[in-house]
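Keep the structure open while reading.

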Amino acid sequence: MSLYKARDWWATTCGNDEEYEARSVVIGTIDDNSNTIITGSLQGILRIYQPRQQGFSIEDLLLETQLQAPILQLDLGTFTALGGCQLAVLHPRKLIIYSITSLSSGQGVAAVQLSNISEQVLERSAANMVSGSFGGSTGALHICIQSMDGQLSFYERERLAFSRFLPQFLLPGPLCYCQALDYLITCSSAFEVECYKYQTLAAAQAAAEKSTGVEPAGKGKKLHTEWKWVFGEMAWDIQIGNFTGDGVDIILLGEHSLVVLDSQGQLRLQKRFDYQPVAFATYPVSGNRNNMLVAAATGQMMVYSSDRLVWAAKGDICPVAVRVAAFGGQQGLVLTLDDEGKLRLSYMGTDPAMNAVDIKHGAEVDFAALESEHREVAGQIKAVGVTAPAPPADDQLIITAQVPQLLDRTQDLPQDMLSGRPCSLLTLQIYVRYMASVPLTDVVLTFKAPAGIQVSQECITVPSVDQVEGSAVSVQLQATGSGVPADNMLSAVATYATVSGEPRTASLQVALPMCLFCQLVSPQQTATYKLTLDTNRPPPHLAELFQDMLAQAQLQFQQHGQSSNVMSFRYEQGPVVTILVSKTAGRYRLQSDNFEAMWLIVQELCQRLQSFFTDAEAQQGDSPQVDCFTISYKDAIPLEELYTSIDRHWQAQQEVRATEAALADRAQQHRAVQKRLLMRFKDRQPSSIAHLDLLLAQTFQQLLQLGGQQEEQQASAEAAGRQLSASVRLILLLVQYGFGMSADDMAVLRKHLSPQVAYCGATGWEELTEASVTHLLSNQLAKTPQEKAIQLLPFAQLLDTQKVKKHISILLERLYQGASLSGMAA
């Protein structure tokens with residue numbers, strides 16, 4: 001809502017584990033011209049502050065004392081005949097008047113002393129109070145206390161003058177006194193603004209006392225309001241000011257709006273907020289006018305002049321009380337207090353300039369120098385580019401992960417309820433470190449695991465991050481699914497707020513180990529689908545490449561033999577993938593009865609071969625090599641298997657959409673029958689229901705059946721989506737090694753032929769892929785001007801999968817012919 005931030009001029013916290021409300025703070029002068037802040041908590045602790053300069057110091061706290069009861073409200077003024085500065089403290093069952101005596105030093109007030117000069121015991125529990133010169137009295141101020149059951153008790157010079165019950169009272173509302181009109185104004189629980197004249201209250205009570213000779217409890221002359229106005233919502237606060245410039249204004253802040261009434265209860269101004277206000281204050285400006293400061297629940301503070309928003313700034317806290325006053329020679333400081341006791345003196349906007357700008361009049365302007373400087377600055381801006389600046393290095397949160405390559409020990413694992421075997425559990429260590437010199441608190445870590453992997457805690461809150469060693473969090477993963485995984489990456493996102501309140505995020509992608517998805521089994525020689533990868537190096541032993549899987553399976557190395565060239569991996573209750581290695585040439589055959597199951601094994605094999613030969617070349621040092629290690633795929637890309645997965649997924653989505661449409665139709669029919677039955681029951685002379693009850697029961701049964709059918713079809717669509725994702729990942733790997741594509745080209749290809757499959761109602765993977773591949777073919781991979789001039793059709797559902805399969809074939813054909821995508825990598 002605002003680009004500006006309220007800057008703290010002075011700040012402190014009023015104790016620990018204390019609670020404050022809107023009437024817990026008051027500002028006034030004691031015996032000099034400096035303003036003083038007085039706070040009182042519901043725990044009964046009274047504090048007096050006198051800020052003298054920017055930044056809190058211990059000398060600013062003049063008094064801290066524990067009173068006998070919770071403090072409901074504070075007020076400064078002269079309330080007794082003794083005169084001087086006095087403090088009225090409202091407790092639930094007492095009203096105590098204290099005199100404030102200052103103890104001065106050479107630099108001003110050093111401390112204050114409280115003296116109890118008056119104490120009134122209340123018959124009823126108090127809610128709030130207001131003070132003023134009721135009835136035009138002079139000298140000491142009078143006090144009116146509103147009780148929880150609606151009694152107004154008026155105290156004049158240390159004695160109870162009279163009491164009066166408000167009619168039709170339920171709950172106490174805010175109470176305000178208008179000195180110019182001698183009005184008491186409140187808002188009832190019926191959401192009505194009620195105005196009572198003081199003379200009417202006093203006369204009604206005096207008549208009752210004269211007729212009975214005793215002070216009645218709520219009886220006597222009937223009390224009438226001067227006027228009422230229907231507000232329609234609960235009022236947070238009521239204040240008096242000159243906001244519109246038309247004289248006395250009665251200003252009410254509600255739950256959603258601001259209302260200004262005149263002295264007769266007529267509406268002058270009403271403004272509806274698009275945020276939730278929590279507190280407001282008026283302050284004088286030029287011409288005897290008042291501006292208004294409204295605080296929102298989000299911490300925003302808005303300044304209004306009449307009905308116009310003239311300024312806004314963001315604060316650090318959500319205040320319950322807001323005031324505007326001068327402290328330390330600084331005019332217009334904003335005092336805010338939240339419910340936890342955080343006290344702030346702020347100024348709106350940015351930091352003020354410390355040095356005035358020296359303007360030299362009469363100097364000649366060197367336009368050539370200005371033009372040269374302009375070209376230099378423009379060149380610097382162009383060199384920087386349009387990318388957003390990175391946060392400073394000392395204000396970043398760094399996330400790292402320690403991923404073990406083996407599962408947790410077997411004797412420590414719980415047993416699976418169905419199979420009776422130990423569950424596959426893996427414990428990760430996530431380390432969080434903050435680079436700034438200030439501590440960081442309340443860091444929220446959110447984890448998202450691939451399908452088939454369950455996280456012990458998806459959301460973890462780190463209370464504080466150690467500045468030296470950081471903080472560590474243990475995350476336990478369990479393999480719960482069966483079949484082929486669609487991904488093997490764990491996503492970790494940390495959200496936090498800096499010291500200045502700016503929200504930040506940090507993320508980490510963690511590759512999960514192979515042992516979490518599959519296990520080593522006895523070799524299998526036959527399979528339906530086969531792939532062959534060629535390398536330019538002699539093949540190493542598979543036992544060297546998959547040492548972690550051998551250790552996890554607890555197999556003896558001799559079972560496969562030292563020259564073993566075959567290994568088989570079985571997914572959790574899923575298919576088996578086998579690797580066979582040529583004894584002489586660097587050739588690897590992968591085979592399985594499930595096509596998409598080979599993607600993870602292909603990826604792991606290629607990554608481990610790259611790492612193995614990279615380490616071997618690094619150990620050889622500067623010895624000459626003919627060429628770098630490469631992996632190639634020389635056969636045709638198996639697109640038919642990919643198209644089969646696309647058709648299966650599209651058909652599953654079509655079934656889900658058809659069932660959703662039928663479910664919506666039956667739900668509409670059910671509502672229509674309900675309405676018809678309701679109309680029949682409301683008729684004074686109802687006609688026959690004509691078997692509507694039977695139709696209603698059958699429709700309800702159909703709703704239940706369609707709901708169960710929709711859940712089953714949704715699960716089937718999600719399973720088909722995982723199969724499609726695995727197939728796309730395998731095709732991308734084969735394209736990378738078959739076409740010799742670079743990392744930049746593959747990054748662009750993955751964005752257009754994405755392995756991320758998600759169901760979004762009317763939009764599926766097929767529609768998204770069709771749009772992105774068509775865009776790629778008509779721009780980067782276009783061969784003729786006619787192809788570039790093709791108008792892209794509006795985004796819509798596909799009637800079949802023929803177009804998307806055709807465009808995928810064209811895309812891969814042009815990549816095979818040597819087309820490059822690197823120009824779109826940015």
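Strands, marked E, are DSSP runs of at least two residues, and helices, marked H or I, are runs of at least four; both are numbered from the N terminus. The model is predicted.

Gln-573 sits in the loop that joins strand E39 (566-571) to strand E40 (576-581). Its relative accessible area is 60%. The cut-off for exposed is over 50%, so Gln-573 is exposed.

Beyond its neighbours within four places in sequence, Gln-573 contacts Ser-482 and Gly-483. Ser-482 is 91 residues away from Gln-573 in sequence, yet the C-alpha to C-alpha distance is 5.3 Å.

## Salt bridges

Side chains of opposite charge can pair when their charged atoms come close. The model holds 24 salt bridges.

Lys-228 and Glu-192 form a salt bridge, at 3.9 Å from N to O. Lys-228 belongs to strand E17 (residues 227-230) and Glu-192 to strand E16 (residues 192-197), so the bridge ties together parts 36 residues apart in sequence. Lys-228 is partly exposed at 44% relative accessibility. Glu-192 is also partly exposed, at 22%.

Arg-272 and Glu-233 meet in a salt bridge with an N to O distance of 3.6 Å. The pair links distant parts of the chain, 39 residues apart. Arg-272 is in strand E21 (residues 267-272), while Glu-233 is in the loop between E17 and strand E18 (235-241).

Arg-272 is exposed, with a relative accessible area of 60%.

## A helix-to-loop bridge

Arg-729 pairs with Asp-487 in a salt bridge, and their closest N and O atoms are 3.6 Å apart. Arg-729 lies in helix H7 (residues 692-739) and Asp-487 in the loop between strand E34 (471-479) and strand E35 (489-497), so the bridge ties together parts 242 residues apart in sequence.

Buried means under 20% relative accessible area. Arg-729 has 15%, so it counts as buried. Asp-487 has 17% and is buried as well.

## A network and a patch

Salt bridges also link Glu-18, Arg-47 and Glu-64 into a network.

Tyr-4, Val-310 and Trp-311 make a nonpolar surface patch of about 250 Å². Trp-311 lies in strand E25 (residues 308-314). Trp-311 is partly exposed, with a relative accessible area of 33%.

Definitions and conventions
Residues are numbered from 1 along each chain as its sequence is written. This is a predicted model: local features need pLDDT of at least 70, side-chain atom pairs count only at pLDDT 80 or more; totals for chains, interfaces and linings use all residues. Side-chain values use heavy atoms; hydrogens and water are left out. Buried means under 20% relative accessible area, exposed over 50%, partly exposed in between (1.4 Å probe, protein chains only). Contact means heavy atoms within 4.5 Å. Patches are made of residues with over 30% relative accessible area and no salt bridge: like charges are joined within 9 Å, nonpolar side chains (Val, Leu, Ile, Met, Phe, Trp, Tyr) within 5 Å. Accessible areas come from the Shrake-Rupley method with a 1.4 Å probe; for residues, only the protein chains shown count as cover. A salt bridge is a side-chain nitrogen of Lys or Arg within 4 Å of a carboxyl oxygen of Asp or Glu.
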